[in-house]
Amino acid sequence: MTKTVVVTGASGFIGSHLARALVDLGYDVRAMTRHPERYDGGGAPVRGDVFDPDSVAGALDGADAAYYLVHSLDSDDFEAKDAAAARTFAAAAADADLERVVYLGGLGDDGTELSAHLRSRRTVERILREGPVPVTALRAAVVVGAGGISWEITRQLVERLPALLTPRWVKTRTQPIALPDVIRYLIGVLEPAEARGRVFEIGGPEVLRYIDMLQRAASVRGETLPNVTVPLLTPRLSSAWLAFVTDVDLTTARNLVDSLSTEVVVHDRGIEAVVPGPTIGYEEAVRLALQDRAA
């Protein structure tokens, strides 16, 4: 029997790739979007706004499962908005009696002081898991793929600057993951019974500092990127610098920069027992992202 799967945020970075991949695998996909009349991706567009309970209920009615991929990072009050949206969605998922919800959140140790961005991702996860519908949560760091905010910042810094004057957070360790691996994991946890209601950390095969990511991305492009770290660059100045050099807006830059001093690496490889297979290395992920953008 074909499963009916709702993809929230279907017009976004992750959602657009996921919806197409699910369609290719034979799922009946409902692409939930605030503007179905503009949607031209995989699946059948259906109107849904996570701040409108009736629209979410309509989008989920009769579905078997759903992916929750929305956030409000471009808003000054994103923590409150994200929590309110998660409560609306959790209630609608319960009313629709979904078999499971799959959520993509962020890495970060629970025992550390998380940034507002990562704290919000964890709060959304908790709200969803408090409901009666089993939630499978995947936690990831930087997703390397054309169109992803974190990757686009990396790409644009590499392309636009001959050298870097960087703050201390460029030495923070992270574990980037290629977009195709994220999609593979998201799909891989949709049906297995052993994935139901669990939390998985996902990442690529390498732990890198942000400066390593920048310099290795430059190397893939056949370039070098000298760097001088300036300890006095505050988060406020860092976000203004990113907004000036790249296309990211100041609010999003500010919310992201606050997270860049937090180490986000995988400690539990339990996902490999459920969705086995090697992950793509960073430099190959960069090549794939650049090819996608050029296509």
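The accessible surface of the chain comes to about 13100 Å², and 51% of that area belongs to carbon and sulfur atoms; the areas come from the Shrake-Rupley method with a 1.4 Å probe, and for residues only the protein chains shown count as cover. What I present this morning is a predicted model, in which local features need pLDDT of at least 70, side-chain atom pairs count only at pLDDT 80 or more, and totals for chains, interfaces and linings use all residues. Residues are numbered from 1 along each chain as its sequence is written, and side-chain values use heavy atoms, with hydrogens and water left out.

Let me turn to the overall fold. The chain has 11 helices and 13 strands, taken as DSSP runs (H or I of at least four residues for helices, E of at least two for strands) and numbered from the N terminus. Its radius of gyration is 19 Å, close to the 19 Å given by the globule rule for 295 residues, so the chain is as compact as a globular protein of that length. That radius is taken over C-alpha atoms, and the rule is 2.2 Å times the number of residues to the power 0.38. The C-alpha trace spans about 55 × 40 × 35 Å along its principal axes. Of the 295 residues, 53% count as buried, that is, under 20% relative accessible area with a 1.4 Å probe and protein chains only.

Next, the cavities. The structure holds 2 of 30 Å³ or more. A cavity here is a set of points on a 1 Å grid over the protein atoms alone, where a 1.4 Å probe fits but cannot get out; lining residues have an atom within 4 Å of a point. Grid points are joined across faces, edges and corners, and a volume is the space filled by probe spheres set on the points.

The largest cavity has about 40 Å³ of space. Strand S10 (177-178) and helix H11 (282-294) are the elements that give two or more residues to its lining. Among the lining residues are Val 144, Glu 206 and Tyr 282. The second largest cavity, of about 30 Å³, is lined by Ala 90, Ala 93, Val 101, Leu 128, Gly 131, Val 133 and Val 135.

Finally, is Tyr 210 buried or exposed? Tyr 210 counts as buried, because its relative accessibility is 10%. This residue lies in helix H7 (residues 210-220). Beyond residues up to four places away in sequence, Tyr 210 touches Val 142, Trp 169, Val 170, Thr 172, Thr 174, Leu 260 and Val 264, a contact being heavy atoms within 4.5 Å.

Key. Buried means under 20% relative accessible area, exposed over 50%, partly exposed in between (1.4 Å probe, protein chains only). On a 1 Å grid over the protein atoms alone, a cavity is a set of points where a 1.4 Å probe fits but cannot get out, and a pocket is an open set with protein on both sides within 12 Å along at least five of seven lines; lining residues have an atom within 4 Å of a point.
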